[in-house]
Number of protein chains: 2
Amino acid sequence: MGGGFSGLAAALALGRAGWDVRLVEARDRVGGRTLTRWLPDGTQLDLGAQWLGPTQDRMYALVAEYGLTTFPSAALGAPVLRWGGGLHPEPPEPTGRVLARLDALAARLDPAAPWLAAEAPEWDRLPLSGWLADAAGDPAGARYLGRLLAGGLLATGPDEISLLQILFYLRSGGGSALLLRMAGGAQQDRVVGGPAALAELMAQRLAATVGPGALRLGAPVTVIAQDAGGVLVRTDRDAYPADAVVVAVAPALAGRIRYDPPLPALRDGLTQRMPMGSAVKVHALYPEPFWRADGLSGVGTSATGPVTETVDNGTPDSTRGVLTAFSYGDEARDLRRMSPDARRAAVLDALVAMVGPDAARPDGFVEHDWSADPYTRGCFCGVLTPGSWRGYGPALRPPVGRVHWAGTETAVGWTGYLEGAVRAGERAAAEVTAGTSGYR
Amino acid sequence: MGGGFSGLAAALALGRAGWDVRLVEARDRVGGRTLTRWLPDGTQLDLGAQWLGPTQDRMYALVAEYGLTTFPSAALGAPVLRWGGGLHPEPPEPTGRVLARLDALAARLDPAAPWLAAEAPEWDRLPLSGWLADAAGDPAGARYLGRLLAGGLLATGPDEISLLQILFYLRSGGGSALLLRMAGGAQQDRVVGGPAALAELMAQRLAATVGPGALRLGAPVTVIAQDAGGVLVRTDRDAYPADAVVVAVAPALAGRIRYDPPLPALRDGLTQRMPMGSAVKVHALYPEPFWRADGLSGVGTSATGPVTETVDNGTPDSTRGVLTAFSYGDEARDLRRMSPDARRAAVLDALVAMVGPDAARPDGFVEHDWSADPYTRGCFCGVLTPGSWRGYGPALRPPVGRVHWAGTETAVGWTGYLEGAVRAGERAAAEVTAGTSGYR
């Protein structure tokens, strides 16, 4: 169940293995945390997950397999970094040193079992903000790094995650350079037509190979019951008997399903302790990408104000200027409490501070808040709370009888990304075909 | 909805105010996190919440109103405190000083809005374990205090909660002395027949005053839909139209309901960040309370091993010895991973270390794990994760349209206790009758 990339990948893998598969999805669309909106002039706006980068091999392979193409993210010119009360071309001094130290620590853990690291108890209890305060040495650097890492990577605040959580994430994604870079990193490429178009093609392939009834949209799963004979997946209207079920949604969503028998306490406890990140993603639209004329890339990171990150989100086939702003954690919560007009004004003020006064007059403003969507509950992904990795991390992947867990949160490599979603779905499908629980 | 003390108190208050009330409860019984089991010889075992103490005025008033009585908890003789590798009659040296300092810090916050304290950002990010390491000065003291406070009060580990969470709890319950004492504190008295008997009488009163259909058991609420005209509460089989609904369950349970329209992002975010505590409560039964003959009260606190607290849980009308053991956080999780036999052996070893070799041969052993119950998901109560109080605490009580929030987690005074449950239910009922949301 779950028609995002993880569920699609699992269903396709099971279909290829000859299983009779049903993919049951709550929404009336597939694609999960990806969503593309088209402006009347044809400009593509990616409202959710949007990037691919080096070593995300499964995603590039899928893009090719389904006849889609990618294009390089627009990042022409200099970045704007806002910290210590001003704008700079470079991050604050301790940044490189601190990132190197984090990568070195991350190399000491196994991304398949970060809770086993010798230092895991200490790293799990330590808030990232506290560690950064010591490691950066100066408050401006710590503040910048906190927003860059907790915000930019996990859409949360540096007080809300542990050092272990960020180390796991850095390790899973191949290190800070790969994770943070545009070109050469996880923000390198975009999909022509948006990643949601790939999900749509995967769904069509599923219907073509398994049968037109393989995909059930608009069907939120309410109950998963299992016994020695099989598993029964219930929605409001239907019931699907099966040999096994792959739950391909984030733990915060899996925890809303009723299980019979109930989940073991440790697995249920995990679903109580892995909240989704908290991001507001806003697209400010302009007649043209005016910042490029000023030599700016539109790519920015800010240690102050409501916006932590900006990016030039234009596409090669459109002359429209698209400046996308991301707000995380505390700042995202503050924005949510505002009226739409006040929120718009606050975001535009922040954009003006980053790329100049022309940002004040967009001719379009599109916001999307995944935290307000009950079938997502937040983005980018679920994040274990401080002190929870050691006790509940071991419950992340082991199947519970006939119930297998997918979703990007369960990925060992590229967790939190589309790549992790696909890998996790294919891993769960392999568990099922291998009969891990002995039911086949 | 929710037939624990909070829901019962809310329904009775609304009934008294002339409202036509339905109390919808998932289980086939009322009482929530209270449950009494009777041994064949008539000995009363309280498997869940069991104590009352000074300043818990609403609970004592209810006990009297419904013609029940209380009896003092058995605590005859000396306590046994296990720390620093041995048994002691006194806690480690820093204990008194550290508790006084915590009480002094707690006095600086408003229990109705702990997130507004000047120091809230710092206190919210700091793990209790980290603060204790500094404050206690010696590791043995920090370890003892961590288990006493995070475990004994919140059924969790000192790495899993923030300093702000424990300060809020200390303030809400009137300070460490009131919270931790047996006589003179929150463990002073028990209810003859168990608190579940009081819940049963409250349910009978509700049926008598509102009508026999007022209570609907075995009816898990699945959907709460509201619009300008009213609210509709759905279970698997029925739908209840109403002017307002009081959701009298913990946030971790409220988060499993589907809301239409969806909850605001901040309220939904709260339900993702307030996991239930994690306790295993075990009753070891003996022909007689042998520890009393050795001058021991059976009351113990241990900084080592699987059991953090013990208590003599005998009743005046039974000669049976009942030694009740509590395990929390890491230790509770370790016990859950064991086979029943191994768990029993581990607990009995710990009891032997506390009260002597006679503890090794009980003639009965009754365990109850509220974390394995899908309509509770853990105990004693929901606890906000580190870094979450500031962002999500403000969403704890404000109604969302016609949906009002009760449950002991929303109490200002005695949160986490039966007293807080009743106060929260009556507060939510008062919101409804006052027409806070303007729907009446």
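1. Conventions. The model is predicted, so local features need pLDDT of at least 70 and side-chain atom pairs count only at pLDDT 80 or more, while totals for chains, interfaces and linings use all residues. Residues are numbered from 1 along each chain as its sequence is written, chains are lettered from A and ligands numbered from 1 in the order in which they are written, and side-chain values use heavy atoms, with hydrogens and water left out.

2. Interface. In chain A, 41 residues are in contact with 41 residues of chain B (contact means heavy atoms within 4.5 Å). The two chains bury about 3,600 Å² between them, and 44% of that is on carbon and sulfur atoms. Buried area here is the accessible area (1.4 Å probe) that two parts lose on being put together, summed over both. The rule finds 10 salt bridges across the interface of chain A and chain B.

3. Salt bridges overall. Over all chains, the search gives 52 salt bridges, each being a side-chain nitrogen of Lys or Arg within 4 Å of a carboxyl oxygen of Asp or Glu. One network of salt bridges links E122(A), R125(A), R390(A), D159(B), E160(B), D330(B) and R333(B).

4. A pair within one helix. R125(A) and E122(A) form a salt bridge at 2.6 Å, N to O. Both residues lie in helix α4 (residues 120–125) of chain A, 3 residues apart, about one turn of the helix. Helices (H or I, at least four residues) and strands (E, at least two) are DSSP runs, numbered from the N terminus. R125(A) is partly exposed at 23% relative accessibility, and E122(A) is partly exposed at 38%. Buried means under 20% relative accessible area, exposed over 50%, and partly exposed in between (1.4 Å probe, protein chains only).

5. A pair between chains. The closest N and O atoms of R390(A) and D330(B) are 3.1 Å apart, in a salt bridge. This pair joins two chains, because R390(A) lies in helix α15 (residues 389–392) of chain A and D330(B) in helix α13 (residues 329–337) of chain B. R390(A) has a relative accessible area of 24% and is partly exposed; D330(B), at 26%, is also partly exposed.

6. A pair within chain B. D312(B) and R292(B) form a salt bridge with closest N and O atoms 2.8 Å apart. The pair links distant parts of the chain, with D312(B) in strand β17 (residues 309–312) and R292(B) in helix α12 (residues 290–293), 20 residues apart. D312(B) is buried at 2% relative accessibility, whereas R292(B) is partly exposed at 32%.

7. Largest cavity. The whole structure has 9 cavities of 30 Å³ or more, a cavity being a set of points on a 1 Å grid over the protein atoms alone where a 1.4 Å probe fits but cannot get out. The largest holds about 110 Å³ of space. Its lining has 14 residues, with T271(A), R377(A), A252(B), T271(B) and R377(B) nearest the centre. Helix α11 (265–272) of chain A and α11 (265–272) of chain B are the elements that give two or more residues to this lining. Lining residues have an atom within 4 Å of a point.

8. Loop residue. A17(B) sits in the loop between α1 (5–16) and β1 (23–24) of chain B and is partly exposed at 43% relative accessibility. A17(B) and A430(B) are 413 residues apart in sequence and 9.3 Å apart in space, C-alpha to C-alpha.

Methods. On a 1 Å grid over the protein atoms alone, a cavity is a set of points where a 1.4 Å probe fits but cannot get out, and a pocket is an open set with protein on both sides within 12 Å along at least five of seven lines; lining residues have an atom within 4 Å of a point. Grid points are joined across faces, edges and corners, and a volume is the space filled by probe spheres set on the points.
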